[in-house]
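Please look through the sequence and the model shown here before reading on. The paragraphs below go from one part of it to the next.

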Amino acid sequence: MFKYQITGGVPLAGTVRVSGAKNSALKLMAASLLTTGKSVLYNVPLINDVYTMADVLRAIGATVIITPDRVEIDSSGELSHTTPYELVRKMRASITVMGPLLARLHRARVAMPGGCNIGPRKLDFHFNGLEKLGARIHADHGFINVATNGLTGDVISLDYPSVGATENLMMAACLARGRTVIESAAREPEMIDLAKFLTSMGASISGAGTETIVIDGVDELHSATHTVIPDRIEAGTFMLAAAVTGGDIEIEGANPRHLEIFISKMRAIGAAIDERDDRIHCRAAEAYHGTDIATLPYPGFPTDLQAPAIVLLSLAQGHSIVTENVFENRFGFVDELNRLGADVRTSGHHAVVHGQSRLEGAIVEAPDLRAGAALVLAGLAASGESEVRRIGHIDRGYENFEQKLQVLGADIKRVETGDLAPSAAPFN
Ligand code: UD1
């Protein structure tokens with residue numbers, strides 16, 4: 001295992017290029033199980049979650065080749081319908097193979113994510129939706145078994161616009177008989193990316209990116225090539241890195257239209273932001289203003305940027321209230337942030353951030369991916385030396401994180417610790 005050693009207080013400046021979106025790439029990889037051909041994906045971030053998804057696909061029987069510029073997935077061989085626990089426990093997003101396997105093999109046996117950190121994150125919307133399409137579901141020995149005599153399209157109204165459920169259902173419906181309508185669907189840009197990939201494989205999908213997605217089933221899907229959209233969460237993380245360090249960063253290869261509410265909040269807090277087609281320029285301000293934030297499904301403020309945004313609010317004048325509406329228990333990192341000198345108090349799904357903290361270097365532990373990135377930002381903003389431990393969480397989702405920060409001037413080093421790898425974290 002590794003940790004980061006950081007000497008804070010350096011304003012980060014320069015240009016950084018964002019990688020492809022983790023949350024899209026993983027689902028595109030799962031979708032490639034729907035065809036008996038070869039899929040080629042470009043702009044896939046080379047992060048541990050992508051390697052885990054490659055292992056999931058290999059365990060199922062696909063051939064996966066990862067090169068620096070593309071990922072090739074050949075699903076032409078005979079596939080197994082079982083996804084092993086050891087892989088699902090590492091990465092919850094593994095459950096998105098359920099829809100494609102059910103559609104192609106008419107059955108899937110996927111380990112339940114479980115694990116000590118998963119908490120209340122449920123899969124009921126996935127199961128209810130698949131049942132509506134004609135799947136039978138039962139659990140045994142820690143596995144979920146889904147089977148069907150043939151999927152048939154139907155109207156599925158989600159109780160909540162779940163990202164994973166929308167993706168699983170969209171993929172399953174591609175090979176179902178007739179028309180499927182997903183109402184109250186997730187509207188994240190990743191839904192549009194997945195629908196584009198599926199469409200280029202021969203699927204018939206309209207409405208992705210809106211709350212109603214219509215899928216007309218087809219008999220089979222063919223090979224396709226696709227380029228993954230930019231990672232909006234990584235772009236937001238670098239904008240915050242500029243803001244909290246008093247820096248000035250130009251972010252290339254990003255899509256500012258995927259971050260509209262985040263950008264408007266950053267401006268309300270005081271950061272200076274210029275957007276052009278695929279670039280975002282973020283300059284720090286002399287002083288920031290406390291601002292309330294509530295996370296919501298897209299196009300609302302992204303829950304994955306909640307923890308990094310709290311670091312900036314800690315440096316702002318006045319109080320801010322942050323409300324987490326997407327996940328329960330997503331303030332677990334606050335105690336670590338307070339060890340660096342922040343003053344954040346939580347009650348249920350609210351956090352009150354008492355601003356104008358002077359952050360000071362300390363030893364902290366990353367509890368999950370996005371909170372880990374937030375603690376790195378806090379360390380970069382703090383005076384003196386910090387250590388961020390358990391950075392295996394960060395390696396799951398940020399490609400070349402410390403190298404990109406170093407190019408911007410950060411004093412950050414990766415150091416081996418000899419500790420064991422962290423178990424799966426609740427938030428992907
Ligand atoms: C995805 C993203 C994650 C992001 C989240 C919300 C990936 C790999 N992960 O996670 O980074 O933070 O979207 O934007 O893409 N829920 C249920 N029942 C269900 C499904 C979900 O109750 O069947 C609840 C969850 O417990 C959670 C909320 O709905 O509280 C949102 O979950 P969902 O949108 O499904 O997120 P994920 O797909 O898991």
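What follows covers a sheet, a helix lying on it, a pair of helices and some backbone details.

The model is a predicted one. Four strands make up an open sheet with mixed pairing, and their order across it is 4-5-3-14. Strand 4, residues 63–66, and strand 14, residues 224–227, are the edge strands, each pairing on one side only. From one strand to the next, the twist averages 15 degrees.

Helix 7, residues 189–200, lies across strand 3 (38–42) and strand 14. The angle between helix 7 and strand 14 is about 155 degrees.

Next comes a pair of helices. Helix 8 spans residues 232–245 and helix 10 spans residues 306–315. Their axes are 10 Å apart, and the two pack at an angle of about 20 degrees. Angles under 35 degrees count as roughly parallel, so helix 8 and helix 10 are roughly parallel to each other. Their crossing is left-handed. Helix 8 contributes Leu240, Ala243 and Val244 to the contact, while helix 10 contributes Pro308, Ala309, Val311, Leu312 and Leu315.

The remaining details concern the backbone. Most peptide bonds are trans, and most residues other than glycine have a negative phi.

The peptide bond from Tyr298 to Pro299 is cis, and its omega is near 10 degrees. Pro299 sits in the loop that runs between strand 18 (293–294) and helix 10.

His106 is not a glycine, yet its phi is positive, near 70 degrees. This residue belongs to the loop between helix 4 (98–105) and strand 7 (107–111). Is His106 buried, partly exposed or exposed? Its relative accessible area is 34%, so His106 is partly exposed.

Asn400 also has a positive phi, of about 50 degrees, although it is not a glycine. The loop holding Asn400 lies between helix 13 (392–395) and helix 14 (401–407). With 43% relative accessibility, Asn400 counts as partly exposed.

Notes:
Residues are numbered from 1 along each chain as its sequence is written. This is a predicted model: local features need pLDDT of at least 70, side-chain atom pairs count only at pLDDT 80 or more; totals for chains, interfaces and linings use all residues. Side-chain values use heavy atoms; hydrogens and water are left out. Two strands pair if DSSP finds at least two bridges between them. Axes are lines fitted to C-alpha atoms, for helices over the stretch in contact, and angles run from 0 to 180 degrees between N-to-C directions. Contact means heavy atoms within 4.5 Å. Angles under 35 degrees count as roughly parallel, over 145 as roughly antiparallel, 65 to 115 as roughly perpendicular and the rest as oblique. A crossing is left-handed if the near helix is turned anticlockwise from the far one by less than a right angle, and right-handed if clockwise. Buried means under 20% relative accessible area, exposed over 50%, partly exposed in between (1.4 Å probe, protein chains only).
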